[in-house]
Amino acid sequence: DVSFMILTGFSSKLSELIVESKTLRILKIKNTRMNILDYQLLIPVLCTNNTIEELYLSDNNPMKEESIDLITKLLNTNRKIHSIYLDKIGLNLENCKQFFLALKKNTNIHTISLNDNVEVSIRKYVDFFLEAKHIKKLNLMNRNSLNKRLKDDVRLLEKLRDERPDMEFKF
């Protein structure tokens, strides 16, 4: 767990540790101010890793579109990870299409957290998760009080909850 350590440029050493570890199941890298170089070094190692089952990358938005492309690559290649936490990572309307396509194809993912990615419309989330039956646990909370949800958005989220009773859902 390297969460909350303000460490840009740490991914080279962390990547080495991941490659050497044969028992690492949960990796938490939350709120570490990962920069794009950290993503470029870490994601290829995670793509080939076959021990990590839960991955936390929340609160690491380097403000570069390429970071979502790299996460999409991870979803496209790693089939061992079943739970992924991507809160506040900079997902937006422009970069979400390929991300959701990769998530749809990766049916091993059953738990996903996308809290505070407010740039993606609620309609987009609802349309996707109504069809993504492999997702059994979903977090779509908006924890920023400045970005209040509209009543129509809340109704759409309630519809998703009602139509997917098999899914644990927080919004």
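Biologist: The side chains of aspartate 87 and arginine 143 meet in a salt bridge. What is the N to O distance?

Modeller: The model is predicted, and the distance is computed from its atoms. A salt bridge requires the side-chain nitrogen to lie within 4 Å of the carboxyl oxygen. For aspartate 87 and arginine 143, the N to O distance is 3.9 Å.

Biologist: How many residues apart in sequence are the parts that this pair ties together?

Modeller: Aspartate 87 lies in the loop between β3 and α4 (96-105). Arginine 143 lies in the loop between β5 (137-139) and α6 (151-163), so the pair ties together parts whose separation in sequence is 56 residues.

Biologist: Is aspartate 87 buried or exposed?

Modeller: The limit for a buried residue is under 20% relative accessible area. Aspartate 87 has a relative accessibility of 8%, so it counts as buried.

Biologist: Which residues are linked with Arg143 in a network of salt bridges?

Modeller: Arginine 143 forms a salt bridge with aspartate 87. Arginine 143 also forms one with aspartate 116, with the closest N and O atoms 2.6 Å apart. This second pair links distant parts of the chain, as aspartate 116 is in the loop between β4 (111-113) and α5 (122-131). The residues linked with Arg143 in the network are therefore Asp87 and Asp116.

Biologist: How are the rings of tyrosine 56 and tyrosine 85 arranged?

Modeller: A search of the whole structure finds 7 aromatic pairs. The ring centres of tyrosine 56 and tyrosine 85 are 4.1 Å apart. Planes under 30 degrees apart count as stacked; here the angle is 5 degrees, so the pair is stacked.

Biologist: Which residue lies over the face of tyrosine 56?

Modeller: Tyrosine 56 lies in strand β2 (residues 54-56) and counts as buried at 14% relative accessibility. At 5.2 Å from the centre of its ring, the residue over the face is lysine 28.

Biologist: Which aromatic cluster includes Phe99 and Phe100?

Modeller: Phenylalanine 99 and phenylalanine 100 form an edge-to-face pair, at 5.4 Å centre to centre with 75 degrees between the planes. Both of these residues are buried. The cluster consists of Phe99, Phe100, Tyr125, Phe128 and Phe129.

Biologist: How many residues of the lining of the largest pocket are charged?

Modeller: The largest pocket holds about 310 Å³ of space and is lined by 16 residues, with Asn61, Lys88, Gly90, Asp116 and Val118 nearest its centre. The lining divides into 3 nonpolar and 8 polar residues, and the number charged is 5.

Key: Residues are numbered from 1 along each chain as its sequence is written. This is a predicted model: local features need pLDDT of at least 70, side-chain atom pairs count only at pLDDT 80 or more; totals for chains, interfaces and linings use all residues. Side-chain values use heavy atoms; hydrogens and water are left out. On a 1 Å grid over the protein atoms alone, a cavity is a set of points where a 1.4 Å probe fits but cannot get out, and a pocket is an open set with protein on both sides within 12 Å along at least five of seven lines; lining residues have an atom within 4 Å of a point. Grid points are joined across faces, edges and corners, and a volume is the space filled by probe spheres set on the points. Ala, Val, Leu, Ile, Met, Phe, Trp, Tyr, Cys and Pro count as nonpolar, Asp, Glu, Lys and Arg as charged, and the others, Gly among them, as polar. Rings of Phe, Tyr and Trp (its six-membered ring) pair if their centres lie within 6.5 Å; planes under 30 degrees apart count as stacked, over 60 as edge-to-face and the rest as tilted. Helices (H or I, at least four residues) and strands (E, at least two) are DSSP runs, numbered from the N terminus. Buried means under 20% relative accessible area, exposed over 50%, partly exposed in between (1.4 Å probe, protein chains only). A charge sits over a ring if NZ of Lys or CZ of Arg is within 6 Å of the ring centre and within 35 degrees of the ring normal.
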